[in-house]
Amino acid sequence: MHRSRLAFALATCALFCANVALHSQTKSATPEAALNANFARDPAQPIDQPYIDAMHKYTTDPAFTSPLVDYLPASKTVPTPAKLLGDVAGAPDMLPYAEDVYKYFRMLESSSPRVKVFTIGHTEEGREMIAAAIADPEILSKYKENNARLAQLADPRTINLDDAKARPLIDASFPVYYITGTIHSPETGAPTALMELAYRLAVDNAPYIKYIRSHMIVLITPVVEVDGRDRMVDIYRWHKAHPNQDWPRLLYWGHYVAHDNNRDAMGMTLALTRNVLDTYIDWHAQVLHDLHESVPFLYDNTVGDGPYNAWVDPLLADEWAELGWNNVAQMQSLGMPGVFTHGDFDTWSPGYLMFLAGMHNGISRLYETFGNGGADTEKRILTPEEYSRTWYRQNPPYPVVTWSQRDNNNYEESALLTTISYFSRNTHHFLENYYRKSKRSVEKPTLEGPYAYVIPADAASANREVELLKTLKRQHVELQVLSEPATCSLPPEKRGDKLKQETFPAGSVIVRMDQPYSRVADALLDRQFWAPDDPQKHPYDDTGWSFTQLFNVRTVRLVDSKILSSKMTPLDDLSTITGKLSGSGSVLAIANTGQTTLLTLAYKLKGATIQVADKPFDADSHHYPAGSLLITNASDAPDAKLADILRSLALDAAHLTSAPSVPTHPVTAPRIAFMHTWIATQTEGWWRYAFDTAGVPFSYISTQTVAKEADLRSKYDVIVFAPVGRSSTLDILNGTPTWNNAMPWQKSDITPNLPMLDSTDDIRPGLGYDGLAHLKSFVEQGGLLITSEDTAQFAIDTGLALGVSVAPHDDARVVGTVLNSTFVAKDNPIAFGYGANVPVMSASGLVFNVSNTTSRASGRLLMDPYAERPTGRGTVDDSDEVPGRKIAEPEPLVKQQPWEPKKLDEEQTRNNPRVIPAQLRPDVILRFTDAKTLLLSGLLDKPSSIAEHAIVVDAHLGQGNVLLFGNNPIYRGETIGTYALVFNAILNYQHLAHEPATADKH
C-alpha cells in the first residue's frame, strides 16, 4: 500500500514540478534557480531596508527563509506592519491583540484600493470577526458581479446543469482562496504572518504577485478565535512582565471551548464556525486554508493519510494530492528543511474547520507550522519521531533548533505564496472542478445515491428533530416537508432481503440529495464503519458521528426515486414542526419524550405548580409516558405568553379537561452549580453551552470554591462535575504542584481579558481533601452530584460512589464510537421519556461494575468462578453426586449478568460489615447491548469486555445521589439524544433515592 502511495506521490511531484517550471520567467538548469526566477521580485521596486534588516536579524537560520519573503517592497502610501506593531511581523517578545490586527488591515484598506475589509460576525462575547479581500481594484470593484457568477457555478441548477452555460461563467470568474488563522489560540504566529502577507499581496510588484492579484481574490480572516486570541495575548504579557516565572496556561480560549473549536464543523454550535462557513458560502470560495502550529517545521496535511472521508467527491482527493505535493515540491526547491505532506493524519472525520470546504464542494487545506506558543525565541529539542526521515519526509526538521516567531512567519508566508501562485496559474482548472463537484452533488441521487433522507413526522421526537434540522440549516442544507403522504420502498436491512414499503405521513421532512450541499447532509445522516483491521491504527479523532443516531431521531435513507416526485414544499420556519398549544382546561400536560427543554420550563414557569407523572397515562385521547409534566397555577403565563414559551422551547402542550388519575411527585426549579477545575475547562464548556442553549441557569464555581465552602447544600441542589479531560483523581485533588510561583487568572492592567466566568489569584491548588469532604457532605444531605468519564472515575476512587468500580476494558477498541445501549431501570426518573434503547457516544469504552458490597480490587467481590455449576457428573442442569454418601442439594446458582451485582446469600451477608444497605446500593440505569448489536457507527473491535456492562449508574450516599456516566452525554453539541438523561436527573433530583427523602428544608 505504501509503495503504491510512494509511486503516486513521486509521479505527482514530477508532474507538478514540471508545471512550475513552465511558469518560470527564465530558464535555468537547477530547480532552485528556476523557482527563484519564477518568484523573482521586481528589481525596479524600492525595498524597505530597515524592515529587511530586522527580518534577517530575527530569522535564526538562513535556511528558514526564502527568496519570497527575505525582502519587503517599500511603499510611500501603504504602511508596513511595523507602522502599527512598532517592529516587523514575527518580531520577538510581541503579540498583537486581535483589535490591533484589525486596525492594520483597515489601514491597508484605507491606503490601498487592492484591499477591502468586511465584518463577518461576532463571537459569543461580542468581539468582531473580519475578512479582508485582496485583489486588483478592477476585480474588487466588481466583486458582487463575480460573486453572482460563482453562485451559479456553486448551484448548477440555476443554469439547468448545462455545461455550455457554465463555460463562459468559468472563463469570466475569479476564484476565491480563503485563508483563516489562529483558531487555536496558543498557536500565535498566523496573525502577524497574515498581516505581512496582506501587505505583500497589496504592494509587491513581483510578476508572480501581480499575476495573483489579477487572477483571483485572496480572502483572509487573520483571527478565527478572537476571544481566545485576546486572552492569549494577556497571558503572554503577564509572562513578559514576570520573567523567570511559570506563567498560567490558557485555561479559557473561547467562551465555551478550547481546542475543540476545531471539531465543530459538524455540530455548528460555535459562532466562529458559523461565521467562517457563512463567509465561505457567501463568497462562494473554492478553498478554505486553515493555519495551525504544532508540527516542525511545516506539515501540509492537505494530502493526509487514509482512510479518507467516505462522502467526499473523488475530485477533491485528487485536488488534495495536486496541491499538497506541489506545495511541498516548491518549498523543497527553495531549500527550506522540514516541509512535508501525507503524514499519519487520517482524513476521515469532517469535524475540522477546514472540512467546511470539503463538505461544500470546495478544497479543504491545513498547515501545521512550528510554533513556540508565544513570541519568545527558544531552543527546541525534537523527538526522534519528529526528525526521522521517512518516504514522505526526505528532508526532515533538524533534531535541535533555535526557533523564533519570525521563522514561523517565514515558513507560513513562503508556503502560502507558492501555493497561491500555483492556484492563480490554474484558476480555470480549479473553477471547473468546483463546478463539476457542485454539479455531481446535484446529480448525486442518480450517480451514487441515495435519493433522499426522510425524517418521518413524529411528535415524540419533534423536539430533537428541530435541533437536528437547525444543524442542517446552519450547514446551508435545503429542507422540504411533505404536503401529502408518500409511499416508498425501503432499502433492505440485510443483503438478499425483500424490499418493504413505508408510507411517510404529511409533515415528514425530506432532505433531498439533488442539491448543492447534499454531501454534508449525507455525511451527517449516514452511518460510519471503520474496519478493525484498517491499516490506520491511530484514528486522529472520532470514528463515528451519525447524527441520526446521536440525536436519537429516526431517519430513513431512501434509494427509491419516487420520493423526489412526491409533493413537498420548502421548510423555512422550524417553529411549524412543534411548539403547539391545544385543548382547554386548567391542567397543562406535556408529554416527556426525551426533549432537551423540559427542565427549562421549571425556570420559565417559576410560579406554577409542576407535577411529574410516575406512570404513563392517557388523557383526552392522547398517551403520556411516565415523566410527563402536569402544570397548574401558571397564572403568570396566559396562553399567549405560554404559546411563545412553548414555541421557543420546541414543546407541544395540551390543556386537559381534568387532572388525570396517576401517581405524581412535585418538582421545582433546582439550584444548579457547575464545578470546574483549574486544570482544563474545555469539555465542561460543551456542557455549559448545552445548558445556556436550553435556557437552564447555573452558578459557576471552581474546585477551589468547593474547598472553601463547607455548606454547599444550603446554596445548591445539584452540582455538575462535567469531564475535565484525561485527568486523574490526584490531579483533581492536588491540582498543579505549588513548589514554584503563584499563577493568577484574574483581571489586571496587563490582563484585561482574563476573568471571563471565574477568577483566582492562583490556579494551582486543587479540590483538596477539605473540598472532597464538602462534596461528600453535600451529597449526604440530599444533593445530586453528576459526573462523567474522568470525573466519574474520581467519584469512584474517592468513595463517593459506593459499590461502583471501573470494569477492565483495555482490550476493547473504541475510538469515538456510537454504541447501542439499553435501559435497565426503565422506571427510574433518569430514564423518563426514552424507549428501550438509546445510542450513546463512547470515547474509549468506559464501563462500570456494580457490587452489593464496598469495593476492593476490581470491585467484583463474591463473584462465583463458576458460571453455572462445578465440574462433575451429569449435564449442565444437574447437580454433582458424590459416591458413598447421601445426596445434598446445593443452593441454586443464580446467573449474574455483566451489568448486575452479585446476589448475596445468607452465608455471604453474615457478619459482613462491607455489605451495602439495600437503600444505598447502586442502580444501573443504562447498559451496553450485547456484542452483536453493540456497534452503531465507527470503530469497534473486541467488544466482549464491555458488552452488556453498565454505562450509567446512580450511586446513593446518605440522602443524596452520585450519577456516573461512562459515556459523555453532552458532547460537542452532537449528542442531543442523551441530553435528557442529565436534565431528567436534575429535574427529579429529589426522587432518585430508593426511599423518599425527608422533606427538603432548602
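Student: Why is Phe 105 called buried?

Tutor: Phe 105 has 0% relative accessibility. Buried means under 20% relative accessible area, exposed means over 50%, and partly exposed lies in between (1.4 Å probe, protein chains only), so Phe 105 counts as buried. This is a predicted model, in which local features need pLDDT of at least 70 and side-chain atom pairs count only at pLDDT 80 or more, while totals for chains, interfaces and linings use all residues. Residues are numbered from 1 along each chain as its sequence is written, and side-chain values use heavy atoms, leaving out hydrogens and water.

Student: What makes Tyr 104 and Phe 105 an edge-to-face pair?

Tutor: The structure holds 43 aromatic pairs. Rings of Phe, Tyr and Trp (its six-membered ring) pair if their centres lie within 6.5 Å; planes under 30 degrees apart count as stacked, over 60 as edge-to-face and the rest as tilted. The ring centres of Tyr 104 and Phe 105 are 6.4 Å apart and their planes stand at 75°, so this pair is edge-to-face.

Student: Why is the pair of Phe 297 and Tyr 398 called edge-to-face?

Tutor: Their centres are 5.9 Å apart, with 90° between the planes, so the same cut-offs make the pair edge-to-face.

Student: What makes Arg 927 sit over the ring of Trp 899?

Tutor: The criterion is NZ of Lys or CZ of Arg within 6 Å of the ring centre and within 35 degrees of the ring normal. Arg 927 lies over the face of Trp 899, at 3.8 Å from the ring centre.
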